[in-house]
Amino acid sequence: MLDEGYIKFQPVWTPAEPLNWNILNELDHWRTVLYQHQLIGAYDNGIGFGNISQRWNAGHQFIISGSATGNIAKLNSQHYSLVERVEVDQNTLYCSGPILASSESMSHAVIYQECPWVNAVIHVHHLEYWKTLLHQIPTTPEQATYGTPDMAYAIIDLLQNDDLIKKKLFVMAGHEEGIFAFGESLETAASSLLNLPTY
Ligand SMILES: [Zn+2]
């Protein structure tokens, strides 16, 4: 079975009204651009991949695309969730909104926690970039699979690495095609993915 698209954390989800579109507008703009570049999308079997988030208010809360939305061409406010709190040690994630948060939310959460200057995190899939960048830039170990506390701890480890803070880009050896980018803004995080050379 393809290791993608299902939730591995214990979700504590409070269903709630969607956030106002004005709040989601910029996040959704970049999500659409990444979808158009097929960095977010779906495999032939219909399983979606890729997710995008933006820090929300003070603290470590963030807004993220919902679970199983990678295959949808155009999202609306029903497709975004607010992650309120994450307990990595307990593998528990608290979110609210009209949809459950993305299965990769725990990885986003630790980047916001570790780097107060980061306001946007993006996870995409791309086989050629993944192959080319693997172990050439900061890389999470093969044993760390997506959406797990193991992955969250591996990301925290990588964030101690100056090279990652400079590149703001890493690949996941244990999650084929998986690449993460982050930055001060959605635009800078998206640009580091969109400006990768074509091989
Ligand atoms: Zn993925």
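Five aromatic pairs turn up in a search of the whole structure, a pair being rings of Phe, Tyr or Trp (its six-membered ring) with centres within 6.5 Å, called stacked with planes under 30 degrees apart, edge-to-face over 60 and tilted for the rest. One of them joins Tyr43 and Phe49, a tilted pair with 4.7 Å between centres and 45° between planes. Tyr43 is partly exposed, at a relative accessible area of 22%, while Phe49 is buried, at 7%; buried means under 20% relative accessible area, exposed over 50% and partly exposed in between (1.4 Å probe, protein chains only). The rings of Phe170 and Phe180 lie at 5° with centres 5.2 Å apart, so this pair is stacked. Both Phe170 and Phe180 are buried.

The model is a predicted one, in which local features need pLDDT of at least 70 and side-chain atom pairs pLDDT 80 or more, whereas totals for chains, interfaces and linings use all residues. Residues are numbered from 1 along each chain as its sequence is written, and side-chain values use heavy atoms, leaving out hydrogens and water.

Turning to the metal, His123, His125 and His175 each coordinate the zinc ion through NE2, at 2.1 Å. Donors here are N, O and S atoms within 2.8 Å of the metal (3.2 Å for Na, K and Ca), and sites may look incomplete because water is not among the atoms. Along the sequence, the spacing of these donor residues reads H-x1-H-x49-H. His123 and His125 are both buried.

A charge also meets a ring: Arg85 sits over the face of Tyr94, 4.1 Å from the ring centre, the criterion being NZ of Lys or CZ of Arg within 6 Å of the centre and within 35 degrees of the ring normal.
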